[in-house]
Every structure is written in C-alpha cells, then in structure tokens.
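Visitor: I am new to this entry and would like a guided look at it. May I ask questions as we go?

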Amino acid sequence: MALITLHEISISFGSAPLLQGANLVIEPDERLCLVGRNGVGKTTLLKLLAGEIQPDNGTVSLKKGLRVARLGQEISHDQGGTVFEVVSEGVGEKGALLRRYHETTLKLADRFDDAGMAALEKLQHELDAQGAWDLHQGIESVISHLKLDGEMPFQDQSGGQKRRTMLAQALVGKPDMLLLDEPTNHLDVETIDWLEGFLKNFRGCLLFITHDREFIRRLASRIIEVDRGRLTSWPGNYDLYLTRKQEALSAEAGQAAKFDKKLAQEEVWIRQGIQARRTRNQGRVRELHRLRQVRQERREKLGQVRMELSRAQRSGKLVVEAEKVQYSWDGTPFIQDFSTIILRGDRIGIIGPNGSGKTTLLQLLLGQIQPTAGSMQRGTRLEVAYFDQHRAELDLEKTVEESVAGGRKMITFNDRETHVISYLQDFLFTPDRARSPVKVLSGGERNRLLLARLFLKPANLMVLDEPTNDLDVETLELLEALLMGYQGTLLVVSHDRAFINNVVTSTLVFEGNHRIGEYPGGYDDWLKQRTPPPSEVAADAKKAKKPTAKPRKAASGLTYKERLELEALPGQIENLEATHEKLNAQLADPEFYQSERDRVAEVQGELEGVEGELEAAYAQWEALEAKSKGAGS
C-alpha cells in the first residue's frame, strides 16, 4: 500500500502556481530525490507531505498511522537546551517527561539528596505507566551513533553538529518517511560520507532535496522533478534521468514548434476577413480561440543563467609561493609547515573538515593575514575577485540592482555598456525581482546575485568560498563550464565532490594535526593517493581478521560437541558475512528498488536476520575460545 498519494494538487503563493494539477504516489522503502530549479516549489512540496501546509485544491491521502519527520534547510538560531533535550523533542509529548527524567538524573549525579531521589522515583513510575523507557534508550542510542554529546548546549555546536542533532531529532520518532531539505549544505566531506552510509541503512522511505550530484547518484532510486507546476516521476538513477530528461525536452520543443506553426497559420486565416466569418467556418473560429487559450496557458521552461566573466590583464607567472608557513592565533595553531607554489592558470581546490582552517588558508594566500612563521610571496599584477560563503558583502536593505550597479542604470562589462536590468536577466532576475530588496531573496538567488557582482569585476585570481551552496544543478553545471574555461587562477573551497572533480587541477587537503597535503587532481584522485587515517586502517584490519579453527589439542577443555562447533564456526561466520555483504549491496543499489520493489521488505528482513545470526556466532566463538584457553592454562 502506498504511503502517500497526491491527486490533482494545486498550491499558489502569488500569481503563478507552484504546483498545478500535480500527482504523485510514494511507496514504502523508496529513496526519492526531488529536483528542480530554485524557487519552483520543492520545499513547499516537502512541507505539504509533512502536513505543515494544505493544498489550495486536490487531495492528499496518507497511509493510516503514517509517521513523517522533516529536517528543514534552515537551523533555528533560537533553539535552546542541551543536545539531549533538542533530540527528545522528536518523540512528541513523552519527550517532556524524558527531559525531566534526564535532568533529574544529572542533578543527582552532581549532588545526591532525598528530595531528588523521590522526584526520580516518581518520574520512573510515570515512564513505566506511559511505556516510555524504550524511547529513552532510543534517544541515547541515536545520540551515540551520531557521535554527539548529549550534555552539550545546542547553541555551542558547530553548524554540522547542529544539523546532526536535528537529524537525530527526526530519527528518534522512528518515522516511516524521512524528508530532508538540503541535508548536505554546510557539511564537510567527511560528514557527507557518513550521512550517505547512514541513510543507505535507514529502514523507511526517504525523500530528499540536494544540489550534491554525488549524493543523488549514491542514494536515489527514483527522481521526482518539479517543473512548471508539474511533478514528473523518473524511475532509475540520476544519470538515467539526465538522459531521458534531455530526450523529453527535445520532444517537447518539437511539439511546441508544430503547435505554434499551426496557430500562426490560423491567425493568418482569421485575418482574411469575410471568409472566416461564414457560418460554415464557425467551428474553425472556435478551434482558433481554443488554440489561443492553450498557448496563453502554456508555461515556458525557465531560462538558463547566462554567465560571462570580465576580462582582466594577465598576472605574473608566479601567483603565490609559501614555504614552511605556520599560523597560530592566541596560542592556538591552525596551520603547520605548509609549502606550495601556485602558478598562473592553476585551479586549486581546498577541502577539509568544518573548522579546520580553510578560510584562514585563503586569507594567508591573499595576504589578508600574515603567517606567524615561514615566508609567503605573492606575484605581480594580481586582480582578486572574492566570493564570500557568508554573503557578508550583501546589504539586505538595498535592491538587487543597487547591489550590482550602486544606483547607476548602465554598467560597463567587457568594454560594452549594458543596462543593469538586462545584465541581471542573464542571472534569471526578472525586472520586478531586480527591484526587490535583497532581504526577500532565497539562498540560491543571493548566491546568483553574488556571482553577478563578482563577474562584473575584472579579475585574474578568483577566490570562491563555498560557491555551490543553494545553487540548483543547472546553474551549478553552467558555473563549472565557465570556470573550466577561465584563463586566470582559481582558488575554490567546496564540499561538493563532483564540483571539485570537474573544476580543479590539484587539491589542498587538511589532513589533521594542522597539516595540509597537496595532491594532483580532484576529490576522487585524492582518495586514491592519500594515506588512509588510522581509524580506517583499524576498521579494515578488523574486517580482514577472520576467526580460524584451533587445533583439536588446544580445545582439550571443551566437550567433543563444543570442539566440533568451534571448528565449524569460522566457516559459518565467513558464509554469513558473505551473505551480509551481498544483501547490503542489493539495498545500496538504486536499480534494485525499481526492478524488484516487492522484494525490498523481504531483503531487509533477511539482512536483519543475518545480522542477528552473525552477532550470535561471534559471541559463541568468543565464548568457546575463552573456555578453551581457560582450560589450557
């Protein structure tokens, strides 16, 4: 049975409808990615599915008892309390009782007294009466698995930690359906990798919005597109969607051209006068009116951003040379023993965990701050354009056109004069939108505005600090193409793995202990060349280590039956692990959800059974090994 069915849904905010006669069926255990241009209604659709808003027309049918949780794109700055308290809000009314119990236990741990003990006993009885003990254990388990500190104040967390906390809040209620709006925004690469693995094992239906193409490729089993008010389902993975979408657009363009040709012919005919007004031609007149109405109601595909960079004089061959650079602030080291040479035309990617010092490195390379040790030499004739990830350069009270032109109506771009409104239309700002204040723009629109300002400035050294956040995929791919043809030098900080792979020629990576490694190529090239961290080496070693059968004489303290069991266990464990790996591979394959959807629940059940058998086999093997060694000693 479907989890959610949307039938003829229409929603409008303002003149143009976001959704118009939209239909969608969502089945259990699917992993769906919602795609579409900025502002077409993707977040609105998530809110509709979560029951936070109602449609203007149409019906939303939900499976009885369906539990839905939504992780929004924005994190509340007013959220108070500890991580445990924030996460416990995900279990509804019982969360308040759990928070009181948790707070009381912490107070008793600091200072034991009879009154506190009496309060704790009362809360325990209430938890028993409401059957909330399992919820408490579930909250503790999720916090542990997401590597969060339950006692840490929510406001003291980094952006990535806050996003994990809100994800934990969504998960503790064990939803049947999880809705994620841009879950990778402001997360570092390491956290994105973790999130992918976590969501692959999520037992439920997943619907997410993201601009991260690698994230889509690794997770999605079906693509849902929002385009001109319609919802279109594209079974299969992301690359298959791109191919079929292009075919559909070509077919649509051909049909539109035929329609417009017929309409033009009928318009010529109606202007012939008396012949068109004869009684026998009234049916043709009515058909013309119908064609006019259809053409008027046709919603054209949104235009594409047309980007062009301002030309600048060439810089010197050397752009930056750093030798054994160190940087510390207030006694805290950020960068140690860093050396590199950046030449004209290099495209350098910078990746690393949040808070590792990527923006600090940019400031050192640009000379905005000075190293505490080592030498830094910059080249000649450098003209720098800087894209700020925090959008600090935007005055929220100014209009879009004022932000670009400073009150002028005409601007000079690559030796030609153009009207500011015409220039902004290349970045998909309509005349009305261009006259709107910056504060009403979406995140994607603000990024487009920053790019419009940036590209007006002649520059031979372009510095982009997280340029991909909030940009839709089409704009992102156009930006990639533009940067790949850029003749100057590029420094780019990004957590978008596909963007780094497609744009840069070498990568600077923060590798821990304030050290920076340099690797040819992009993100995937770095993965192949790097030395795995100790945690991965240990995990691989643990995975490779298999129990081996002991010689019979070493098991002299065991019964005959136990000796046989001990000798057979290694082979059983190997078979179970092979089955476990095979089932995991099935569930991680997006195509499995299309061709064998009826088998999904069955395979998930098999996987859970194998995991239980593996756990029991390892426990038995360890127990028999311990008994054997105890007897031998």
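**A first tour**

Guide: Let us start with Glu8, which lies in strand β1 (residues 4-12). Helices (H or I, at least four residues) and strands (E, at least two) are DSSP runs, numbered from the N terminus. This is a predicted model, in which local features need pLDDT of at least 70 and side-chain atom pairs count only at pLDDT 80 or more, while totals for chains, interfaces and linings use all residues. Residues are numbered from 1 along each chain as its sequence is written, and side-chain values use heavy atoms, with hydrogens and water left out.

Visitor: What is the phi of Glu8?

Guide: Glu8 has a positive phi of about 50°, although it is not a glycine. Most residues other than glycine have a negative phi.

Visitor: And why does Glu8 count as partly exposed?

Guide: Its relative accessibility is 39%. Buried means under 20% relative accessible area, exposed over 50%, and partly exposed in between (1.4 Å probe, protein chains only).

Visitor: What about Asn513, where does that one lie?

Guide: Asn513 lies in the loop between β19 (506-510) and β20 (516-520). Its phi is also positive, about 55°, and Asn513 is not a glycine. With a relative accessibility of 68%, Asn513 counts as exposed.

Visitor: Let us change topic. Where is the place of Thr184?

Guide: Thr184 sits in the loop between β6 (177-181) and α7 (189-200). Thr184 is buried, as its relative accessible area is 5%.

Visitor: Which residues does Thr184 touch?

Guide: Leaving aside residues up to four places away in sequence, Thr184 touches Ile192, Thr210, His211, Asp212 and Phe215. Contact here means heavy atoms within 4.5 Å. With Thr210 there is also a polar contact between the two side chains, at 3.4 Å. A polar contact is a pair of N or O atoms within 3.5 Å; within protein, one must be able to donate a hydrogen and the other to accept it, and residues adjacent in sequence count only if both atoms are side-chain atoms.

Visitor: How many disulfides does the structure hold?

Guide: The structure holds zero disulfides, a disulfide being a pair of cysteine sulfur atoms within 2.5 Å.

Visitor: Now helix α11: how many of its residues are buried?

Guide: Seven of the nine residues of α11 (residues 358-366) are buried, and the helix is mostly covered. Among the buried ones are Lys358 and Thr360. After α11 comes Gly367, with a positive phi near 80°.

Visitor: Charges next. How many salt bridges are in the whole structure?

Guide: A search of the whole structure finds 17. A salt bridge is a side-chain nitrogen of Lys or Arg within 4 Å of a carboxyl oxygen of Asp or Glu. Asp496 forms one with Arg213, the closest N and O atoms being 3.9 Å apart. Asp496 lies in the loop between β18 (489-493) and α17 (497-503) and Arg213 in helix α8 (residues 213-219), so the pair ties together parts that are 283 residues apart in sequence.

Visitor: Are Asp496 and Arg213 buried or exposed?

Guide: Asp496 and Arg213 are both buried.

Visitor: Which residue forms a salt bridge with Arg217?

Guide: Glu214 does, with the closest N and O atoms 3.6 Å apart. Both lie in helix α8, three residues apart, about one turn of the helix. Arg217 is partly exposed, with a relative accessible area of 30%, whereas Glu214 is buried at 18%.

Visitor: Which residues are linked in a network of salt bridges?

Guide: The network links Asp193, Glu196, Asp212, Glu214, Arg217, Arg218, Asp239 and Arg497.
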